[in-house]
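Here is a short walk through a structure that may be new to you. Keep the view open as you read.

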Amino acid sequence: MKVLDHRKMLAVNVALLVLLLLTVLACSLLGPVGIDLKRALGDLFSPDAEILFRARLPRVLLGAAIGGGMAACGVVLQAMLRNPLACPQMLGVSGGASLGGILGMIFFPNWLLPVAGGLLGEISWVPLAAFLGALSSMALVYRFSLFHGRLHAYHLLLTGVIFNSFVAALIMFLNSIVDFYQAQGLLFWLMGSLSTRAYTTVAFIFAYVAAGFLWLWSQGLRLNLITLGGEAALQLGVEVASVERQVFVASSLMIGAMVSVSGMIGFVGLMIPHVMRLIVGSDHRLLLPASFLAGAIFLCWADTLARVLLAPAELPVGIVTAFFGGPFFLFLLYREGRKMPV
Amino acid sequence: MKPRQRLFVFAASFLLLASARLDADAPPRKIVSLAPSVTETIFALGYGDRLVGVTTYCDYPPEAKMIAKIGDFMNPSLEAVAAKRPDLVIGVVGATDVVKAREMERLGLKVVLLPLQNLDDILKSVRALGGMIGDPGAGKTLAEKIRVQVDGVKNRVRLAPRRKVLLIVGYQPVIAAGGKNFIDELITLAGGANIAGGAAQPWLNLPDEYIVAKAPEVIIEAGMGSEREKANKRWSDLASVPAVRDGRIYPYPSDKILRPGPRFGEALGELARLIHPECFAGKRGGC
Amino acid sequence: MSAAIEIENLFFAYGARRVLEGVSLAIAKGEMVGVLGPNGSGKTTLLKILSGVLAGVGEVKLDGQPIRSYARRELARLAAVVPQESEIHFPFTAAEIVLMARASHHGRLELEGAADLDAARRAMAATETASLADRYLHELSGGEKQRVMIARALAQEAAILLLDEPAAFLDLKHQKGVFDLMRRLNGERGLTIVAALHDLNLAALYFPRLVLLGAGKIFRDGPPEDVLTEANIRAVYGVEVRVERPGPERRPHVFVRA
């Protein structure tokens, strides 16, 4: 009887963690322009240091946090909605975040937020506008998916998808009333990018993603049961309504925060959970951390490729995730397909 | 658009130009413009009153805003154009949708696409437009005026060292003017060297590390409506970049330099002043 | 000794559709009760109320305490359910599915301990599913799957076992297997068994007490020979049948008239 034990938990997580550390290191050293590591570490005011510590490291860290967060959210949403096609983009929150960000960019493009009273510099307020959009859409979707005091998976899915299409229409409308260059800028923003120099932003995302992930991880066991259906889970002793509420709120907050700074980066949240399920199994107590780490690794490399492939131009990272992730996923599905319930 | 395709459209538009000349005995009374630069040129020629339709992006000169809109630059409405019953529809090679242009022709409209890829194109198109409207003299005068402005700037910066320039139109993420863009030529004429000029794309998303590595001496934020102080703050993280260190980040509020039209010379002058202020110090001076 | 299950004047409706209209029923510990009735007569609803998935109006007590006084985890340790059909959307092995029964026993942040693995092993041995442990549930046949589901319910180590038509989609051999197992669990372990059943003849053969539901009420409650009569079946199912009592056991056997 092969079941999840502490040895497997430890082995998988430690292996992935080591891989992630190596990835962060490698991706910080790789890019469209070369750096002299000795000079970068020797003179912190040299361009090499600036490339390493300002232009690359923050975005590699951001990539790790967002890749991990997206993958973890994908795992729990697929479990909660009992739908293998569920992904973070489906929840409505992402649409709300995009709308918030776009409104921020159109109406107050030049607002800056002082961090810690200006001591830590100032950051663009667009992410905050996006996050406010995410929070309000979360409340809206939640309210509309509530039936008899319970979140209804089906309604949640439909509400999210319909809300997102509605928001997409609004965004395209806004996009067609602003001027040509602003419209181009909005489109680039919507396509998603991990470009950042602000450690403040990175820290904000890390805090959200870490807290949200731990919250979701604590529901791992119950998520296993929830995949068997609401009734079965109840009969096995799970407070289904409470788990669903927690998962929705935790993942919405994470997705909202992530989309606010990076736009919609697709595919990680859909694919990584499936890949990891095929590799480490479906037990969410392991699947969640394993997917988190794998998502982090995957997005770091995807972003590095995005910076390098068409250098000096940077590709939208979503193109890279889908272009390399898609075929790999199909290959895995072909080889391990029997593991998928029909 | 691929070069061959562009060549084809280019040739086709000149054939159309030629045919337009043949029946020049009846100059067009009603013109629809499918691009802001075309609208500007027609006004500059003194025939703005013949415009019966322009795009939603056509906001210069201010009178252009009063003219009926026929859709946006990328997406003009066939119906709206046809409803104006224009004698002539003018678009831009490489920007106006070729399929749409052909459909307009099928509706019996005379469509001309002007090439506006670089200064040469602009000068040729200005002259051609004058001819089409039935006032070749106005075309020639305007082209000459632009050329004189350009030569003036050229003379001023002739001996100045080339400064590395980054021109962006978006900040989140950074969208820069690449090669294959008339702005690249504008920067060169103004005595600069576009750090993204080697890129194959006219506009591209440029990663921060590339900007640090290429160390631009001047950064121009065009058409973003930014303020000087804010722009400086935004870049303050990249202190090793000369433009940041020396505080040479210039918001350029107008989209004058983004339009390949009659204000080319004027825009070039302003751009050169930002890149090489020292060459414009004296009344007649230069570098 | 208190009864395992006590139901007093239970009402339940899905919106305007009334399903249970005043059901009262007491089941002693260690009893084995088959619940019969046509489709829509409320068999499944009754089981769902007993497992706490639905709540009706009226008193329902498990082990002497009102059902709503239990937390979910406590309830799961008190009564285990074998569903009619199980949803499976993700690849879980049979062993993983059986171990899920232990969620109500060990901590939420823990992995299963020795006691949990032991309970799962015993449950799988009892249902002859040990050899299926590492196979994916979705790869198993209907009969194997159902035995795994019963193993899961056993691993819950609850004194009450609720089964909803546990043999509905099985062939004759596996049907008999499931009924044999129910009898064995009742006889050897003293589990209280309540099963909603379709097959009247198997019910009569295995279950000493049958409850016939009709029109939201208990139409008849008693030993098979009192419940499965031609008149009762005509009244509840609206079908003409002939009932004989063959063999030495003289259990009723229902023949449908074509």
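Predicted model: local features only at pLDDT ≥ 70, side-chain atom pairs only at ≥ 80, totals over all residues.

Next, look at how the chains meet. Two pairs of chains are in contact. Chains A and B share the most contacts. Chain B and chain C do not touch. Their nearest C-alpha atoms are 39 Å apart.

Now turn to chain C and its side towards chain A. Here 32 residues of chain C are in contact with 32 residues of chain A. On chain C, α2 (72-78) and α3 (94-99) each supply at least two residues of this side. The largest share comes from α2(C), with four residues. By type, the residues on this side of chain C divide into 18 nonpolar, six polar and eight charged.

Finally, look inside. The largest nonpolar core has 286 residues. Helix α3 (residues 47-81) of chain A gives the largest share of this core, 20 residues. Which residues have the most contacts inside the core? They are A:I205 and C:V98. Take A:I205 and leave aside residues up to four places away in sequence. A:I205 then touches A:L62, A:A65 and A:I66, along with A:A257, A:M258 and A:V261.

Notes: Residues numbered from 1 in each chain as written. Chains lettered and ligands numbered in written order. Contact = placed C-beta atoms within 7 Å. Nonpolar A, V, L, I, M, F, W, Y, C, P; charged D, E, K, R; others polar. Core = buried A, V, L, I, M, F, W, Y, C linked by C-beta atoms within 7 Å. Buried ≥ 20, exposed ≤ 12 C-beta atoms within 10 Å, placed from the backbone.
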